[in-house]
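Colleague: I'm new to reading protein models and I'd like some practice. Could you walk me through this one, feature by feature?

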Amino acid sequence: MLGRTASSVFWMFRYLERAENTARLLEAGFRMALTRGGDIANDEWRSVIDTLGQQAGYEALYDEYTGAQVCNYVLRDRENTENVMRMFDLARSNARASRTSITGEVWEAVNESWMSLTHLLSRPVRETGLGTVLAMIRRSATLVRGATYGSMLRSEIYHFARTGTYIERADSTARILDVKYYLLLPSLAYVGSTLDTSQWDNVLRSLSAERAYRWLNAGRMDARGIAEFLILDQRFPRSLTFCYKELSENLGRLAEIHGVESQSNAMIIEAMDRFRTTTIDTIFESGLHEFLTGFNANNQVIANSIAEDYRFFA
Amino acid sequence: MNTPDPNFDEMRQADGTIRPAYVDYCQWLDEQDASQMRRKGREAENFFRRTGITFNVYGDDDAEERLIPFDMVPRIITGSEWRKLSRGIEQRVRALNAFMHDLYHRQEIIRSGRLPERLFTNNDAWLPQMVGFTPPGGVYTHIVGIDLVRTGPNEFMVLEDNARTPSGVSYMLENRETMMAMFPELFARIPVQPVSDYPRRLAKSLAACAPDGASDKPMVAVLTPGIYNSAYFEHAFLADQMGAELVEGSDLRVVDGRVQMRTTAGYQPIDVLYRRVDDDFLDPLTFNPDSMLGVPGIMDVYRSGGITIANAPGTGVADDKAIYSFMPEIVEFYTGEKPLLPNVPTWRCAEPDSLAYVLDNIAELVVKEVHGSGGYGMLIGPTSSRREIAKFKDKLKANPTNYIAQPTLALSTVPIFTKSGLAPRHLDLRPFVLVSPGGIDITPGGLTRVALKKGSLVVNSSQGGGTKDTWVLND
């Protein structure tokens, strides 16, 4: 396949994943605001903007963090070049550019999702309509994922799609954990005492991990346990380890298909080796923040080397 | 010229009797519930939006993607009408290809005095770079669209030849898919000749034109200007259906004397390039130096026999309406036969007598620019105001060689569905013709374009025209 097309497939799935993760983040913020209100709600909305790295743009326009403002900024504000609608625009134009590589089912799933969202986001989103919009974004992502899984040949195209998804997802999980953890640091001093479980619950919700975590830990909440789960659990589909296991599998298949070992695959094998010897204790000893920022920097290097290995650009 | 019946409707005779081609269809239609048919109409639109069959109109920023309206009433041609038509089309396309070869070689037709030399010295589409060069397999016009209009029971005429890059074939295919999805029972009742194998026939025809030395399975690629081009949907659609790569100029480079595409595994040579990029943008080293859409050096590779370009550069000469006016002579010169398909009578304004006639009768005529297309830059006398006519006359007098004129034809009609039931609308037909050393292949049917406004003669999709599924019956 063409290098440019591989790039389009890769980015199409990155943008879809990014849109979905953003929707999760807003959903968790929305829930927090509903249950707490007041300053905690505003802090929560601020952390959403922080996690997305959009504080400079947001604060240039607004003085305060309110739910409606944050949601509209993140979802549809034209001043925000990384709004969710724009992610769908980019996902769709990348799908159009790789139209001959994806199946009709995948294209229709992307195109229909884009049409529904264009319609839903053509006007400002009110609090009463937010649930519908966020559910639609998640449903769209699910639809595309299902169409991809069910209809695409397991050729290199499929592996580029999956690679895009997991590079983006790993980045997003690490970022959410980093920002939320930082926000919750004050309460960490009280570890073991009156921990604000609802805030921790919110970290998990931002990653749709609350149910799985509760189920595995019989309802106990602790900072270490949550970080361990989101970083090292082999079964949870948004954990860093899980994302890298998938990346390793897909990059491995790509190297096999091409009959050439790749730089990116070598890097992912190395990263997997590091995961195997990492425990939550070693992470906390050297600092969670340092671990997560280091992880994301390396994730970016891997993404760049995929683009280089497979000639995304001339 | 004899004036045809001004209201030739392909479905009904003047007394209301259904014509043979439509008998079975109309019988079926009578059994349908009107409200259900209206619902089907909306279904069709949703289908097109979902699959992304869109068309962008140049110069219309707000509507990057627009749907071409689809009408559910098919345009039906009987098998015997089609057989006669396709003989005429084949003859014309054979002549076109021979004409191209001659124009770029000995120019016998000019030496013999049948065609004035000014026609191609004046023609921007004529490329000196093609002189003395014969494309692989001797094929110039790999894909041709012949625009036909009908004015009577046995009267089809050629309105235009599209030898450069005829578009619209994806609508021919998707219109049929839509009809089969909406009305499967119709196709069980009425034997309609299939069109769905067009992409396979195209792939085969292009592969047969590969340069000498290409493998048994030549590498075919479709070159598109990119996703913002108005016909991008069609480029992607055809590449997908043929199993060919869809490439952009930025994917291609000349490496080791071949045109190669950048794949995830490195550069790979291409044997046949079905390009949907105009000549001018094909090679910045040879043509427009600012072009980002083409491949620097592709013309050198082409001239050394390293790649087939379809259609060949320089075939746009035949799209010129002044050349068109000589097609009857051209057909006779190269085939030695009388043309089976007539032209629409045409006055060349370059000739003083004709110009005088056109100026005197402009209110009854259609005047077109010789290089124009898409229904732009033309005057339809009967529907234009006196001011528009006066303005157009000035342009015409200033540069008469730039214009031809034709009578305002009473184009045939077929009904479309409207809110108030069936209503006749004017239409034309563009069959698609494939040329390879193996022969000429015409897919039964083509693209029917229909004017949606009552009485309108402009069927172009860029000006609000729609399309219909085109049936050739298996009788």
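Colleague: Okay, where in chain A is the place of A:Arg311?

Modeller: A:Arg311 sits in the segment after α15 (288–309) of chain A. Helices here are DSSP runs of H or I with at least four residues, strands are runs of E with at least two, and both are numbered from the N terminus. Before going on, some ground rules: this is a predicted model, where local features need pLDDT of at least 70 and side-chain atom pairs count only at pLDDT 80 or more, while totals for chains, interfaces and linings use all residues. Residues are numbered from 1 along each chain as its sequence is written, chains are lettered from A and ligands numbered from 1 in the order in which they are written, and side-chain values use heavy atoms, with hydrogens and water left out.

Colleague: Which residues does a cis peptide bond join?

Modeller: Look at B:Ala310 and B:Asn311, where omega is about -10°. B:Asn311 belongs to the loop between β10 (308–310) and α12 (321–324) of chain B.

Colleague: Which residues have the most contacts inside the largest nonpolar core?

Modeller: A nonpolar core is a set of buried Ala, Val, Leu, Ile, Met, Phe, Trp, Tyr and Cys residues joined through side-chain atoms within 4.5 Å. The largest one has 100 residues, and A:Leu75, A:Ile137, A:Leu230 and A:Tyr244 have the most contacts inside it. Helix α1 (residues 3–36) of chain A gives the most to this core, with 13 residues. Leaving out residues up to four places away in sequence, A:Ile137 touches several partners, including A:Ala19, A:Leu75 and A:Phe88; contact means heavy atoms within 4.5 Å. A second, separate core has 73 residues, among them B:Val295 and B:Tyr324.

Colleague: How much area do chain A and chain B bury between them?

Modeller: Buried area is the accessible area (1.4 Å probe) that two parts lose on being put together, summed over both. Here that's about 2200 Å², 47% of it on carbon and sulfur atoms. A:Leu2, A:Arg96 and A:Thr100 supply 32% of the area chain A buries against chain B, more than any other three residues. The contact takes 26 residues from chain A and 25 residues from chain B.

Colleague: How many salt bridges does the rule find across the interface of chain A and chain B?

Modeller: A salt bridge puts a side-chain nitrogen of Lys or Arg within 4 Å of a carboxyl oxygen of Asp or Glu. The rule finds 2 across this interface. One salt bridge links the side chains of A:Arg4 and B:Glu248, at 3.2 Å from N to O.

Key. Buried means under 20% relative accessible area, exposed over 50%, partly exposed in between (1.4 Å probe, protein chains only).
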